Amino acid sequence: MAASAGPEIERLISLLAKLPGMGPRSARRAALALLKRREQLLVPLAASLAETAAKVVNCSVCGSPDTRDPCSVCADQSRDNALICVVEEAGALWAMERSGAFRGKYHVLGGLLSALDGVGPEQLRIAELIGRAKGGEAREVVLALPATVDGQTTAHYLAERLSAAGVEVTSLARGVPVGGELDWLDDGTIVQALRARRPA
């Protein structure tokens, strides 16, 4: 397809198209919006991207991106060091933090085990997790991984590896969401909700 804009604009569009949830059309619309509001959007965004690229590092303890090491969560003395929540990526950590319900520490795996994608234990931060669990301070490890085949495979593998560390291994409850109606739920969610039922 012939380029309809200059090479710089086409490069911007192609980079935007690589973001999750952005296809070529969405990227073109986003690029046009940025160009249309150059001073209000494009220039500040470019400055913010440059500053973020220069300052953000991955926490040496949990693996979460932050501008300091250890990250703000790991450095927070008011949190329970004996409680570690394992998540796939930083986005899940941010979701947990939004809820305000978890006051322990985190461990970001950096992905999930996947035979199809060639992702084995060596590619993830599993050895670091085992080291933290065996360090003596951890009491419970909460596996907050997706309810997918890869997520459950990873959770099972971690539970086996952590069993030798002498810590309690738990996982998030699965089932009917708050405000959910049975008509709209898929079969897998209903089955999981029935298995995880508890006294009323």
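Mentor: Gladly! Keep in mind that this is a predicted model. Let's start with a pair of strands.

Trainee: How many bridges join strand 3 to strand 5?

Mentor: Strand 3 covers residues 80-87 and strand 5 covers residues 140-143. The two run parallel. Within this pair, isoleucine 84 stands opposite valine 141 of strand 5. The number of bridges joining strand 3 to strand 5 is four.

Trainee: Which strands are the edge strands of the sheet?

Mentor: The sheet is open and has four strands, paired in parallel in the order 4-3-5-6. An edge strand pairs on one side only. The edge strands are therefore strand 4 (104-108) and strand 6 (168-171).

Trainee: What angle does the direction of helix 5 make with that of strand 4?

Mentor: Helix 5, residues 90-99, packs on the sheet. There it touches strand 3 and strand 4. Its direction makes an angle with that of strand 4 of about 160°.

Trainee: Which residues does the cis peptide bond join?

Mentor: Most peptide bonds are trans. Here, look at the loop between strand 2 (65-66) and helix 4 (72-75), where proline 70 is found. Omega is about 5° for the cis bond, which joins aspartate 69 and proline 70.

Trainee: Does arginine 28 count as buried, partly exposed or exposed, and why?

Mentor: Arginine 28 is found in helix 2, residues 24-36. Its relative accessibility is 27%. Buried means under 20% and exposed means over 50%. Because 27% falls in between, arginine 28 counts as partly exposed.

How values were computed
Residues numbered from 1 in each chain as written. Predicted model: local features only at pLDDT ≥ 70, side-chain atom pairs only at ≥ 80, totals over all residues. Heavy atoms only, no water. Pairing = 2+ DSSP bridges. Contact = heavy atoms within 4.5 Å. Axes fitted to C-alpha atoms, helices over the stretch in contact; angles between N-to-C directions. Buried < 20%, exposed > 50% of the residue type's maximum accessible area, 1.4 Å probe, protein only.
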